[in-house]
Amino acid sequence: MKHSSRITPSSALAAVLMDELSRCGVGDVVISPGARSAPLAQAAYAHPRLRHHVRFDERSAGFLALGLTKGHGRPVPVICTSGTAAANLHPAVLEAAHSRLPLVILTADRPPELRGTGANQSTDQIKLYGHAVMYFAEVGPPELREGNNAYWRTLVCRALRAARAGPAHLNIALRDPLDFDCPTGPPSALAGRADGRPWTRLGDEAGQQQPVELDTARRGLVVAGDGIADPHSVVAFAEAANWPLLAEPYSNARYGPNAISTYQDLLSHPPTRARLMPESVLVVGRTGLSHELLGLYGSAVTHTVVDAHPQWADPTRTADLLLCALPRARKAADPDWLEAWKDAEKTARTALHDHLDQAALSEPRAVRDVLRLIPHDSLCLIGASMPIRDADRTMAPRRGPRIIANRGLSGIDGAVSTAIGAALAHQDGRAFAILGDLSLLHDANGLMIGPNQPRPDLTIIVINNDGGGIFSLVDHTCEAVGFEALFGTPHNVCIADLASAVNWRYSSITSMEDLPAFLAEPGPLIIEIRTERAANAAFHHQLRRYIHTALERTQFRTACDGPSAPKAEETSTQGTA
């Protein structure tokens, strides 16, 4: 690396931005190569307190940054050049917006006078990501003049403050000639605050709503979804209220004596649904995996949402009370209410395990067994589409492993890069990912890690059914015209060859008994489990029938039934993403 004491406006701006980012607590920067962004990239590379990650595909770079911030919770900047490079970050920006993650996008740009002239690689990047970003600033072409140090540094502080609620975007126009020398840091005239402090210290949120009391004497449910900062407080509330806790896997609240994990099958069984119909539902976090669960919200007498975000999560539009903080339980419900749910859970879970264990290899069993076997201190990303749905259905209550997923928009893009970023940020144990074959292939570029770049201790379990297996489970889709080409989308890719090409170790298993030994091996590793789409669809239907039959054969406690119980309503038929 060539260093220079000569400071140009572009290199000065870049050095100041990186210095202020570091002062504000940023530790990782993701960089995609480009000439226009060279001053920014070199300043990040040279900064002693910034760990840099280089990815040539901007889409993979964006999702890598998203995974890093999921892993350690701190903002992560992404640097790219102008034109289509900036556009390729859009999927990650959208996912970060809907997941409310602190991505900071630093796009280099051509100077304003070149816009609309047909100049090479020039396009309008002003508010490129629209309303998906919480903050946007056009950083004018840099000049070495009085006042710009404070201007540049406060832009960083404002962007990081806004990024508490989602991504922020700084568009940085740089004029020629670009300086490919790299200063060691900002000159003394552009120094930051003394003692390494940020230019503007970011305080806590003001005006937070004080906890209120909620009437929990009635029969209620706690539902936990994505984006919960303190899962333990949700578990504690459910226990204080004597309410069942229905926690989606990535809520990381699926544990404790009140945890109910088979709610999909319980609520899809009409007699059980009628028996267990709540009067009140408290939803914390963003939910949406199960249409059976979503259909429950409007059936309850009261529906309370806990969400401090300006765009609070209420996809069914049935919430009648919005709280910014978790309430206090006023009075515990009748214990018979919780016991009725526990009895049903015991019956359904016993039937679930019995049926899964009878199958030598199935997709639901593979997901269940991975989540059962991974170490207590591990992190696991679960891919969209079928893996996360199988996890929601089969994952037994367990405290320990941290589960994450890209559920902001539930796309399959960027899953590999997100998992790698999260694995690099996860310092306390092993990291795993459970992906479908299309998710793996959609982000195959994410598997490419250059020399001298940090490599993750990550094991990717890929369930390969040669296409889009979820469509085989959608009613009537298999009968659609062109189903195999348009929905099945077979790819016929050899995963072993792909792993070899990108320098990842590879293993294939045909029996679930071999899984523990393979999971114990260090990463980077790809483990392939091959299944068949039609057989998988049939198995899912058989599993539900098996559980429902067990429920019908079991006599449940009926103490919670009474004349005041709300009548059961038809399960919502709306699908979820």
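Strand β8, residues 220-224, is joined to β9 by 3 bridges, and the two run parallel. Helices and strands here are DSSP runs, numbered from the N terminus, with at least four residues of H or I for a helix and at least two of E for a strand. Two strands pair if DSSP finds at least two bridges between them.

Before going on, a word on the source. This is a predicted model, in which local features need pLDDT of at least 70 and side-chain atom pairs count only at pLDDT 80 or more, while totals for chains, interfaces and linings use all residues. Residues are numbered from 1 along each chain as its sequence is written, and side-chain values use heavy atoms, with hydrogens and water left out.

Back to β8 and β9. They belong to an open sheet of 5 strands, ordered β9-β8-β10-β11-β12, with parallel pairing. At the edges stand β9 (245-247) and β12 (321-323); each has a single partner strand, so one side of each is left without a neighbour in the sheet. Neighbouring strands in this sheet are turned by 20 degrees against each other on average, direction ignored. Axes are lines fitted to C-alpha atoms, for helices over the stretch in contact, and angles run from 0 to 180 degrees between N-to-C directions. Helix α7, residues 231-241, lies across β8, β9 and β10 (280-284) and runs at about 170 degrees to β8. Contact, here and later, means heavy atoms within 4.5 Å.

Now the other sheet on my list. It is open, has 6 strands in the order β15-β14-β16-β17-β19-β18, and is paired in parallel. Its edge strands, β15 (402-404) and β18 (505-509), each pair on one side only. The twist from one strand to the next averages 20 degrees. Between β14 (residues 379-382) and β15 there are 3 bridges in the parallel sense, and Cys 380 has Ile 403 of β15 as its bridge partner. Helix α12, residues 363-373, lies across β14, β15, β16 (431-436), β17 (458-464) and β19 (525-530), at about 165 degrees to β17.

Next, helix packing. How do the axes of α11 and α19 cross? Those of α11 (residues 335-358) and α19 (residues 533-553) come within 9 Å and cross at roughly 140 degrees. That makes α11 oblique to α19; angles under 35 degrees count as roughly parallel, over 145 as roughly antiparallel, 65 to 115 as roughly perpendicular and the rest as oblique. Residues that meet include Ala 344, Leu 352 and His 355 in α11, and Phe 539, Tyr 546 and Leu 551 in α19. By class, this contact of α11 with α19 has 11 nonpolar, 4 polar and 1 charged residues. Ala, Val, Leu, Ile, Met, Phe, Trp, Tyr, Cys and Pro count as nonpolar, Asp, Glu, Lys and Arg as charged, and the others, Gly among them, as polar.

Helix α13, residues 386-394, also meets α19. Their axes come within 14 Å and cross at roughly 20 degrees, which makes α13 roughly parallel to α19. Met 386, Asp 390 and Arg 393 of α13 meet His 540, Leu 543 and Arg 544 of α19. That contact has 2 nonpolar, 1 polar and 3 charged residues.

Last, the whole protein. It has 19 helices and 19 strands. Along its principal axes, the C-alpha trace spans about 80 × 55 × 45 Å.
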